[in-house]
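Please find below a note on the model under review.

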Amino acid sequence: MADSIDEIIGKYSNTNRNDLLDALQDTQDFAGYLSEEVITKIGKHFNLASAKIYGIASFYDQFRFLPQGKFHIKICNGTACHLSESKPIQKELEKLLKIKAGQTTRDGLFSIEEVACLGSCGLAPVIAINGEFYPSMKPAEIRDILDNLKKSDA
Ligand code: FES
């Protein structure tokens with residue numbers, strides 16, 4: 001396990017696009033998101049302008065440029081959940097929070113992550129918020145859940 005961003009970036013001596021994507025993924029796994037500082041460091045290492053790195057990274061859904069929200073919502077889109085109508089739940093979350101999966105709200109309160117399986121297919125469709133599972137979800141239940149989380153933060 002690497003101890004620092006510099007150590008992670010230093011593993012990549014080849015400056016091709018695959019190395020760049022691997023470096024972005026590894027640094028994100030380490031730091032949780034791609035901060036300006038990380039982008040600048042990677043840019044220096046790969047001899048690319050920060051704007052170019054942003055351009056490349058923002059093309060891929062898996063990269064985030066803000067830390068996870070205080071309430072991190074995992075929406076499962078695995079087979080069992082998908083067949084149980086998980087997409088309308090995701091759409092409702094995205095509509096109410098005005099962000100897409102992979103993003104964080106500007107106030108830092110909420111982030112959404114789409115995952116392949118939460119390992120609780122019998123509860124489909126299921127979401128998990130900071131590790132707490134919400135089974136057999138329906139889109140109409142999302143607003144209350146978000147409101148309660150906002151109240152608990154007030
Ligand atoms: S498919 Fe959703 S928990 Fe397994």
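The points below go from the basis of the model to its overall layout, its helix packing, its sheet and some local details.

1. Basis of the note. The model is predicted, and local features need pLDDT of at least 70, side-chain atom pairs count only at pLDDT 80 or more, and totals for chains, interfaces and linings use all residues. Residues are numbered from 1 along each chain as its sequence is written, and side-chain values use heavy atoms, with hydrogens and water left out.

2. Overall layout. The secondary structure comprises 7 helices and 4 strands, where helices (H or I, at least four residues) and strands (E, at least two) are DSSP runs numbered from the N terminus. Read from the N terminus, the order of elements is α-α-α-α-β-α-α-β-β-β-α. Along the principal axes, the C-alpha atoms fill a box of roughly 50 × 35 × 25 Å.

3. Domains. The protein is divided into domain 1 (5-57) and domain 2 (71-153); such bounds come from an automatic or database domain assignment. A distance of 29 Å separates the C-alpha centres of domain 1 and domain 2.

4. Packing of α2 on α3. Helix α2 and helix α3 (residues 36-46) pack at an angle of about 155°, and their axes are 11 Å apart. Axes here are lines fitted to C-alpha atoms, for helices over the stretch in contact, and angles run from 0 to 180 degrees between N-to-C directions. The two helices are therefore roughly antiparallel to each other (angles under 35 degrees count as roughly parallel, over 145 as roughly antiparallel, 65 to 115 as roughly perpendicular and the rest as oblique). The crossing of α2 past α3 is right-handed, a term used if the near helix is turned clockwise from the far one by less than a right angle, with anticlockwise giving left-handed. Asp19, Leu20, Ala23, Leu24 and Thr27 of α2 meet Val38, Ile42 and Phe46 of α3, contact meaning heavy atoms within 4.5 Å. By class, the residues of this α2 and α3 contact divide into 6 nonpolar, 1 polar and 1 charged (Ala, Val, Leu, Ile, Met, Phe, Trp, Tyr, Cys and Pro count as nonpolar, Asp, Glu, Lys and Arg as charged, and the others, Gly among them, as polar).

5. Packing of α2 on α4. Helix α2 (residues 17-31) also packs with helix α4 (residues 50-57), at an angle of about 85° and with the axes 11 Å apart. These two helices are therefore roughly perpendicular to each other. On the α2 side the contact is made by Arg17, Leu20, Leu21 and Leu24, and on the α4 side by Ile53, Ile56 and Ala57. The residues of the contact of α2 with α4 comprise 6 nonpolar, no polar and 1 charged.

6. Packing of α6 on α7. How do helix α6 (residues 86-97) and helix α7 (residues 139-153) cross? Their axes come within 8 Å and cross at roughly 40°, which makes α6 oblique to α7. The contact involves Pro88, Ile89, Glu92, Leu93, Leu96 and Leu97 of α6 together with Pro139, Ile142, Arg143 and Leu146 of α7. In this contact of α6 with α7 there are 8 nonpolar, no polar and 2 charged residues.

7. The sheet. An open sheet of 4 strands has the order β2-β1-β3-β4 with mixed pairing; two strands pair if DSSP finds at least two bridges between them. Strands β2 (110-115) and β4 (132-134) are the edges, each pairing on one side only. Strand β1 (residues 71-76) and strand β3 (residues 127-129) run antiparallel and are joined by 3 bridges. Lysine 74 has alanine 128 in β3 as its bridge partner. Helix α6 packs on the sheet, where it touches β1, β2 and β3, and its direction makes about 150° with that of β1. Helix α7 lies across β1, β2, β3 and β4 and runs at about 160° to β1.

8. Lysine 70. This residue lies in the loop between α4 and β1. Leaving aside neighbours within four places in sequence, lysine 70 is in contact with Gly108, Leu109, Phe110, Asn130 and Asp153.

9. Backbone geometry. Most residues other than glycine have a negative phi, and most peptide bonds are trans. A cis peptide bond joins alanine 124 and proline 125, with omega about -5°; proline 125 lies in the loop between β2 and β3. Lysine 98, although not a glycine, has a positive phi of about 60°, and its place is in the loop between α6 and β2.
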